Amino acid sequence: MRSYDAIVVGGGHNGLTCAAYMAKAGAKVCVLEQRAFVGGASVTREVFPGHKVSVAAYWMSMLQPKIMRDLELRRRGVEPIPTPPTLHPFADGRSVVFWPDRARVQDELAQFSQKDAEAYAAYDDHMTRIVAALRPMLFETPVDPTDLSLRGLRRTLKLAWRNRRALPHFYDLWDLLTLSAWDYLHRWFESDEIRTIFASYASGSAGILSPKSPGSAYVLARPYLRDNSTDQGPGGLIRGGMGAITQALREAAEAYGATVLTGKTVRRVIIEKGTVQGVELEDGSRIDAPVVVSNAGARATYRDLLGKDHVAPEILGQIDRHRTRSIAFKINLSTRALPRWTAFDERQLNVAGPGGITLAENSDELEDAFQSAMNGEMAPRPYLWITTPSAFDDSVAPEGRHVVQIMGGHVPYALNGREWDADTRQELVDIVLSQICRYAPGFDQDVLDAQVLTPKDIESMFSMIDGHVHHGEMSLDQIFFRRPIAHYADYRTPVKGVYMCGAACHPGGGVNGVPGHNAAREVLADMGRKFPAQPY
């Protein structure tokens, strides 16, 4: 019978990160992944012959430099690709290019409003300043503010003192967590076009949000959360696709001594007389360990791996109320040519093409798209974020072919009166191509094949409840000491020896690795082992 110091259930990027840190500390760790390959939603697969497609996650915007440095991910093959800036076109031919030079961005915005263009510097300074104060909070273990024991009070006071830099920004941070993106941006901008450009990012957040939803302003901080000025390089496209990140994490974990097993589905955590013994696999075999760390979502961890016999009804009630509904979708295309963006071509810019493209015409369209999805309908003009990795990475498509990746914001998990089948999936492809052709006429004629992932497909393919790529809504009631539930936000569960390390934990979703990093630190502390990394 095999035995380990710890078992990690799930080989997504957070599970691999957690395992790598624990193995680096000398623990004997085993990662169990139900699919034939690791990576979770951060994978590169040959969806079309000869094409390497980042099936779900597609843009490295949040993987923290600290983790990349700790685990030597650059040396292990994580290579960000220098790409031109993002383009946001409008149907009337105007467009904004997000140059790295702030003055050039202001020039772009001036075509809509000179006043707003001048205000952009203040907005950018504001966001940079408050996120710099907020960034260390990513690496904190949430406290329980209701724990009035001496130990609990000491932990809360220490956390407050470590993060005292954020205190002068308290009211701004509160607004960021409670206001809509639309209202938050109104401090600086009046133009509908400019507010649409920035606020539309909330439509691609994968949750039940529109730019005018209360609480959506926090999404505005996400592009600032990764420091792109370090020796680990900028964010963006990754050579070979997003699977390069998880392959590097697997290599790191195995180099430090971890065992990674694929094709192993865990049925349950074995608990005898209140003590964790290990896990039982789907085939009936077992693997022993006194510690189990789940990279699965909250419902799968509590309901499936632990079960009602080991978790109190009131805690399961919290888990069942954890909101996981999603309206995000992903479409991957094989094409014979890249989209020719009219606004981009007419400007004759001296760059190869846009690094990314966001499509959102105005605030009314975004709100209508959101309401369509909420009513069980496909939005006729959904928000889209498009990347074309084959334009910058010749390893991802055969000669004469291209990969176009589309993250969309507005389709329901369940259609009103219809099922997601071949016909409705094709209808979604047609809607998306029609939206793209508003800005890149004729592109639909160059499409050769399509992979369509509705929220229901994302759920089944990646074991994400309701298709939520962040394992749950990231709203004020589901962050920090409420993520995933009250009293158990410190990566521990009510069952001693069982932990969580996935996106359902603080600080949430995105390919950032922080939940895995933080969970490993807590597990190792309980084991009496030193965490093998410097503090943030």
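Over the ring of which residue does the charged end of Lys212 sit? The ring is that of Trp182, with the charged end of Lys212 5.0 Å from its centre, where a charge sits over a ring if NZ of Lys or CZ of Arg is within 6 Å of the ring centre and within 35 degrees of the ring normal. The charged end of Arg45 likewise sits over the ring of Phe37, 3.7 Å from its centre.

This is a predicted model, in which local features need pLDDT of at least 70 and side-chain atom pairs count only at pLDDT 80 or more, while totals for chains, interfaces and linings use all residues. Residues are numbered from 1 along each chain as its sequence is written, and side-chain values use heavy atoms, with hydrogens and water left out.

Across the whole structure, a search finds 16 aromatic pairs (rings of Phe, Tyr and Trp, the last by its six-membered ring, with centres within 6.5 Å; planes under 30 degrees apart are stacked, over 60 edge-to-face and the rest tilted). Tyr123 and Phe189 are an edge-to-face pair, because their ring centres are 5.4 Å apart and their planes stand at 65°. Tyr123 belongs to helix H4 (residues 114-134) and Phe189 to the loop between helix H7 (181-185) and helix H8 (192-199), so the pair ties together parts that are 66 residues apart in sequence. Both Tyr123 and Phe189 are buried, that is, under 20% relative accessible area, with exposed meaning over 50% and partly exposed in between (1.4 Å probe, protein chains only).

Phe170 and Trp174, by contrast, form a stacked pair, at 6.4 Å centre to centre and 15° between the planes. Phe170 is partly exposed at 43% relative accessibility, and Trp174 is partly exposed at 44%.

Key. Helix = DSSP H or I, 4+ residues; strand = E, 2+ residues; numbered from the N terminus.
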